[in-house]
Amino acid sequence: MTNNTQNSNQTQANQSWGGRFSEPTDEFVKIFGASVFFDKILAPYDIQGSIAHATMLQEVGLLTEDEKNQIIKGLEQILAEINAGEFEWSVALEDVHMNIESRLTKLIGNAGKKLHTGRSRNDQVATDIRLYLRDQVDDILAEINRLQIALLDLAEQEASTILPGFTHLQAAQPISFGHHMMAYFEMLSRDAERLVDTRKRMNSMPLGSAALAGTTYPINRERTAQLLGFERICLNSLDGVSDRDFAIEFLSASSIIMMHLSRFSEELILWSSAQFHFIELPDSFCTGSSIMPQKKNPDVPELVRGKTGRVYGNLTSMLTIMKSQPLAYNKDNQEDKEPLFDTVDTLKACLRVFADMVPTIEAQRDTMYNSCKKGYTTATDLADYLVNKGLAFRDAHEVVGKSVSYGIEHQKDISELSLEELQLFDDRIENDVFDILSLEGSLCARDHLGATSPNQVKQAIKTARKKLI
């Protein structure tokens with residue numbers, strides 16, 4: 001092969017690494033191996049990292065002041081082109097990093113080629129992802145906060161609304177609808193705590209790890225970390241370029257959030273059905289049927305419930321991508337971005353639509369109240385009453401069980417039984433029993449921290465609002 005042929009083939013290869021290769025990459029392989037289709041979303045973070053890197057290189061004497069200024073000006077122009085939709089992305093250049101570097105070199109010449117001094121695409125992409133995900137976590141936390149405020153408002157409005165509480169989807173005890181909403185507030189509080197904790201470990205800078213072993217140049221990693229707002233530096237270069245624990249943690253936290261939203265969705269779907277009719281969802285969050293004109297389908301909760309599986313799948317994908325990789329960086333890690341980006345988009349959309357929908361929920365108070373009269377929901381109150389009269393709980397449990405059987409036989413709720421009927425089962429029962437057999441009495445009797453009485457619900461809301469502020 002002549003030198004001219006060699007030069008021609010190398011020209012056709014990717015110019016970032018083509019010097020080693022004597023023939024060009026197969027056209028299909030170019031497309032198969034390219035990530036620019038999806039990783040261009042990292043462009044603002046790639047430019048942010050490059051500006052910090054160039055600033056550091058100048059400060060340690062690896063770039064002149066003029067070269068640094070040229071680089072920063074060129075990168076700012078590229079960002080403007082991207083934002084305006086004028087940037088031409090090339091599959092031949094594989095990824096977001098080489099597309100930006102190639103354009104920079106065209107804009108400013110030789111200075112652009114110096115930007116990559118002391119770094120590799122391995123530590124570059126690891127840095128970009130952390131910068132990206134750090135911002136996304138902040139946005140997600142803001143959406144969680146917005147949803148929590150909506151839940152607090154609804155809970156406050158319905159603090160005294162009586163709802164049948166369920167176990168095994170069987171009517172169990174009367175609870176406050178506001179108390180029920182506050183349960184989801186608590187779930188979201190834990191979700192937010194997990195994300196904050198994840199963000200702490202995410203906020204560690206891999207830049208300077210280079211390909212895997214660090215660099216021979218006298219770089220100042222502390223300065224770069226300061227410029228990029230990282231709290232700490234990845235202390236092992238092998239781990240720095242290959243670690244994706246922070247992404248897995250984020251996907252895990254996201255899966256738990258989606259599980260909570262899915263549980264909430266399931267209840268909204270049940271409650272909005274004709275069989276329950278505990279709530280009314282507005283038309284703007286529902287759709288109709290193409291064949292059944294009477295239908296009003298709770299599409300938003302159903303979609304969120306369905307999208308939960310998608311996020312679970314992304315977590316499984318990431319765990320599988322990482323499970324067999326030897327140190328350090330491997331091309332497998334190109335597959336880390338799509339599950340991550342998809343989860344971010346899915347989670348933000350689900351939180352947003354819930355934060356918009358929850359304020360529009362209309363509680364059907366009469367339906368809830370009447371439903372609570374079915375299923376002997378104050379039976380436990382009668383058992384507690386007998387215990388306070390001196391009967392052992394297990395004996396009281398048996399007495400109430402017999403009274404419930406009597407009620408079923410005579411098609412009466414316990415609260416509808418007369419004093420004479422109740423005394424058939426234990427003569428300790430007196431007129432004061434009706435104070436606790438009513439739904440209101442049962443609800444208000446549970447007046448301790450964390451319980452369902454309206455007083456406690458209102459106090460919980462007050463405490464929660466202070467925490468959010």
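## Pockets

About 390 Å³ of space lies in the second largest pocket of this predicted model. Here a pocket is an open set of points on a 1 Å grid over the protein atoms alone, with protein on both sides within 12 Å along at least five of seven lines, and lining residues have an atom within 4 Å of a point. Grid points are joined across faces, edges and corners, and the volume is the space filled by probe spheres set on the points. The second largest pocket has 17 lining residues, and F166, H180, Y184, R263 and E267 lie nearest its centre. Two or more lining residues come from each of β1 (162-167), α9 and α12 (245-271); helices (H or I, at least four residues) and strands (E, at least two) are DSSP runs, numbered from the N terminus. Sorted by class, this lining has nine nonpolar, five polar and three charged residues. In that scheme Ala, Val, Leu, Ile, Met, Phe, Trp, Tyr, Cys and Pro are nonpolar, Asp, Glu, Lys and Arg are charged, and the others, Gly among them, are polar.

The largest pocket holds about 480 Å³ of space. Of its 23 lining residues, F185, E186, S189, A464 and K467 lie nearest the centre. The elements giving two or more residues to this lining are α8 (121-157), α9 (177-202) and α21 (454-468). Its classes come to twelve nonpolar, eight polar and three charged residues.

## Cavities

A cavity, in contrast to an open pocket, is a set of points where a 1.4 Å probe fits but cannot get out. There are four cavities of 30 Å³ or more, and the largest cavity has a volume of about 40 Å³. Its lining is made by L147, Y184, M187, L188, H260, L261 and F264, with α9 and α12 each supplying at least two of the residues. Six of the lining residues are nonpolar, one is polar and none is charged. Y184 is worth a look on screen: this residue lines the largest cavity and is also among those nearest the centre of the second largest pocket.

## Aromatic rings

How many aromatic pairs does the structure hold? There are ten, counting rings of Phe, Tyr and Trp (its six-membered ring) with centres within 6.5 Å; planes under 30 degrees apart are stacked, over 60 edge-to-face and the rest tilted. The ring centres of W271 and F278 are 6.5 Å apart and the planes meet at 45°, so this pair is tilted. W271 is buried at 3% relative accessible area, and F278 is buried at 1%, where buried means under 20%, exposed over 50% and partly exposed in between (1.4 Å probe, protein chains only).

Y406 and F425 are edge-to-face, because their planes stand at 70° with the centres 5.6 Å apart. This pair links distant parts of the chain, 19 residues apart: Y406 is in helix α17 (residues 393-410), and F425 is in the loop between α18 (419-422) and α19 (433-437). Y406 is buried at 17% relative accessible area, whereas F425 is partly exposed at 22%.

## Two side-chain contacts

R134 lies over the face of F230, 5.0 Å from the ring centre. Such a charge has NZ of Lys or CZ of Arg within 6 Å of the ring centre and within 35 degrees of the ring normal.

T452 sits in the loop between α20 (439-445) and α21 and is buried, at 4% relative accessibility. A polar atom of the T452 side chain lies 2.8 Å from the backbone nitrogen of S176. A polar contact is a pair of N or O atoms within 3.5 Å; within protein, one must be able to donate a hydrogen and the other to accept it, and residues adjacent in sequence count only if both atoms are side-chain atoms.

## Notes on the model

Residues are numbered from 1 along each chain as its sequence is written, and side-chain values use heavy atoms, leaving out hydrogens and water. As the model is predicted, local features need pLDDT of at least 70 and side-chain atom pairs count only at pLDDT 80 or more, while totals for chains, interfaces and linings use all residues.
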